[in-house]
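Come along as I go.

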Amino acid sequence: MIKIAVLPGDGIGPEIINEALKVLKSVSSKIKQEFDFKFYDVGAVAIEKYQNPLPENTLNGCKESDAILFGAIGHPKFDNNPKLKIRPEQGLLKLRKELGLFANLRPVKSYKEILSLSPIKQEIIDGVDMLIIRELTGGLYFGDKKTNNNISTDVCTYSVSEIERVTNVAIEYAKKRRNKITLIDKANVLETSRLWRKTVQDISVKHPEIELDYMFVDNAAMQIILNPKQFDVILTENLFGDIISDEASVIGGSIGILSSASLGKKMGLFEPIHGSFPEASGKNIANPLACIISVSMMLNYLKLEKGAEMIQKAVEKSLMHKVTTADLNNSFKYKTSDVGDFISKYINNNN
Ligand code: IPM
Ligand code: MN
């Protein structure tokens, strides 16, 4: 029995999680692997109930699980009130920190079936296959923060060991792919970036088969759109990774299909990279694919590769037959639950 902590979170979170679990149940019976699901509150819903975006019970439940499936986080009522001390996002950040989830993997590829949906020219994005590896528990996100007399400060700190451990993950993945790492930084300005360059360089010397490239983040923001095929593994710090992964999602045609794995030494959390999309909440219109693909990433992590593959194939079928939500299909024919139904039935009938 594999224990999964399920954290639906806010906005469209519960709806897309429903579809993801529907799909996982189909896989479960096909691969004859049982799962035990335990649900926990996080984010704005947890603030409503407990005045705490990450209640103790949720954190403990996550620690006791084999993997975590996460929906979405955030609510607009917390966004424009700078005086608030408690915010939904703190739930996710604390979870990442407490569980030591330092490596965030965000695969970006273009699916043939939906190439035309990207605003970028098809010849530029056809064949893109990159993996963004974002450091997730350091940098500006977690440095000291303060405001005094109209002056605010966010401190950016990185230690060699923080850089080393995520670099080792990047090397491991690059070796399974095309042996290329592009380190994205701002080493012409930032001290932390210079430490990144030195540390990554020192490690790469021990792995001569890896081609290591460096790119300043401003140039990278342009290159991701101009020539995304040049990238294999992108390695970068926390904030840069947050920004360029949303940018890179344009290549795939919709942010609604990008998923991520956040990995630590002995824990993995799997979530879409998109937010809680409050405008769509409760309307059964949100794209569940990113969450469903997150389940596929989770199965790979749990060494259930056959199940992961089943999901990946079924997702491609849904794209091929245009059984997709409005962000990917302008006929507006299919709802969130239709996509989940299609994928889960496809798995039932074809494996
Ligand atoms: C992400 C999100 C989070 C982040 C927010 C919700 C705190 O944007 O996972 O990319 O900035 O890391
Ligand atoms: Mn983000």
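I began at the boundary and found eight residues of domain 1 in contact with nine residues of domain 2. A reminder to myself: I am reading a predicted model.

Next I looked up the bounds of the domains. The assignment gives domain 1 as 1-101 + 260-351, and domain 2 as 119-251. Taken over C-alpha atoms, their centres are 25 Å apart.

How much area is buried between domain 1 and domain 2? I noted about 750 Å², with carbon and sulfur atoms giving 67% of that area. On the side of domain 1, I wrote down Arg96, Lys97 and Ile273 as the residues that lose the most area to domain 2. Together these three make up 54% of what that side buries.

I then checked for charged pairs, and the count of salt bridges between domain 1 and domain 2 is zero. For polar contacts across this interface, I have one residue pair on my list, both at pLDDT 80 or more.

Which elements supply the side of domain 1 that touches domain 2? I found that α4 and β11 (259-263) supply at least two residues each. The largest share comes from α4, with three residues.

**A closer look at α4**

That sent me to helix α4, residues 89-98, where I marked Gly91, Leu92, Leu95 and Arg96 as buried. Seen down the helix axis, the buried residues fall within an arc of 130°, so they line one face of α4.

What covers the buried residues of α4? My list includes the strands β1 (2-9), β3 (67-72), β4 (103-109), β5 (129-135) and β12 (268-272), along with helix α3 (56-63).

**Over to α8**

My last stop was helix α8, residues 217-226. Here the buried residues are Val217, Ala220, Gln223 and Ile224. They cover an arc of only 105° around the axis, which puts them on the same side of α8.

For the cover over these buried residues, I noted strands β8 (180-185), β9 (211-216) and β10 (233-236), and helix α9 (238-252), among what is there.

Conventions:
Residues are numbered from 1 along each chain as its sequence is written. Chains are lettered from A and ligands numbered from 1 in the order in which they are written. This is a predicted model: local features need pLDDT of at least 70, side-chain atom pairs count only at pLDDT 80 or more; totals for chains, interfaces and linings use all residues. Side-chain values use heavy atoms; hydrogens and water are left out. Buried means under 20% relative accessible area, exposed over 50%, partly exposed in between (1.4 Å probe, protein chains only). Helices (H or I, at least four residues) and strands (E, at least two) are DSSP runs, numbered from the N terminus. The arc is that of the directions from the helix axis to the C-beta atoms. Contact means heavy atoms within 4.5 Å. Domain bounds come from an automatic or database domain assignment. Buried area is the accessible area (1.4 Å probe) that two parts lose on being put together, summed over both. A salt bridge is a side-chain nitrogen of Lys or Arg within 4 Å of a carboxyl oxygen of Asp or Glu. A polar contact is a pair of N or O atoms within 3.5 Å; within protein, one must be able to donate a hydrogen and the other to accept it, and residues adjacent in sequence count only if both atoms are side-chain atoms.
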